[in-house]
Amino acid sequence: DGDHDRARAALQAGEVLPLHVVLERVAKDHPGNVLEVELEREKGVWIYELKILQSGGGLLKLKVDAKTAAIIRQLEVQR
């Protein structure tokens, strides 16, 4: 699959952090169960898009810089 190949190449080139590292860092401030992960390239920047089910039942959507694990955008979806 082309998407997987591009993601693997980005990881090997050091353009993105491994997913487990990003999830560990995000979980410190945003604990919950990760429901979905996407890796996309937006305007030349690799972005992990995460959907997290929080303990209270709320859904949190995060856009995370794949190279630094910095949160770019956060959206809490009401139940």
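Partly exposed denotes a relative accessible area between the limits for buried (under 20%) and exposed (over 50%), computed with a 1.4 Å probe and protein chains only. The model is predicted: local features need pLDDT of at least 70 and side-chain atom pairs count only at pLDDT 80 or more, whereas totals for chains, interfaces and linings use all residues. Residues are numbered from 1 along each chain as its sequence is written, and side-chain values use heavy atoms, with hydrogens and water left out.

**Exercise 1.** Determine which residue pairs with Glu-15 in a salt bridge, and where the two partners lie.

*Solution.* 
Step 1. A salt bridge requires a side-chain nitrogen of Lys or Arg within 4 Å of a carboxyl oxygen of Asp or Glu. Glu-15 meets the side chain of Arg-41 with an N to O distance of 3.5 Å.
Step 2. This pair links distant parts of the chain, 26 residues apart: Arg-41 is in strand β1, and Glu-15 is in the loop between α1 and α2. Helices (H or I, at least four residues) and strands (E, at least two) are DSSP runs, numbered from the N terminus.
Step 3. Glu-15 has a relative accessible area of 34% and is therefore partly exposed; Arg-41, at 46%, is partly exposed.

**Exercise 2.** Identify the salt-bridge partner of Lys-63 and the network that contains Lys-63.

*Solution.* 
Step 1. The partner is Glu-42, with the closest N and O atoms 3.0 Å apart.
Step 2. Lys-63 in strand β3 and Glu-42 in strand β1 are 21 residues apart, so the pair links distant parts of the chain.
Step 3. Lys-63 counts as buried because its relative accessibility is 18%, while Glu-42 is partly exposed at 28%.
Step 4. Salt bridges link Glu-42, Glu-49 and Lys-63 in a network.

**Exercise 3.** State whether Lys-43 and Ala-69 are buried or exposed.

*Solution.* 
Step 1. Lys-43, in the loop between β1 (33–42) and β2 (45–53), is exposed at 86%.
Step 2. Ala-69, in the loop between β3 and β4 (71–77), is buried at 12%.
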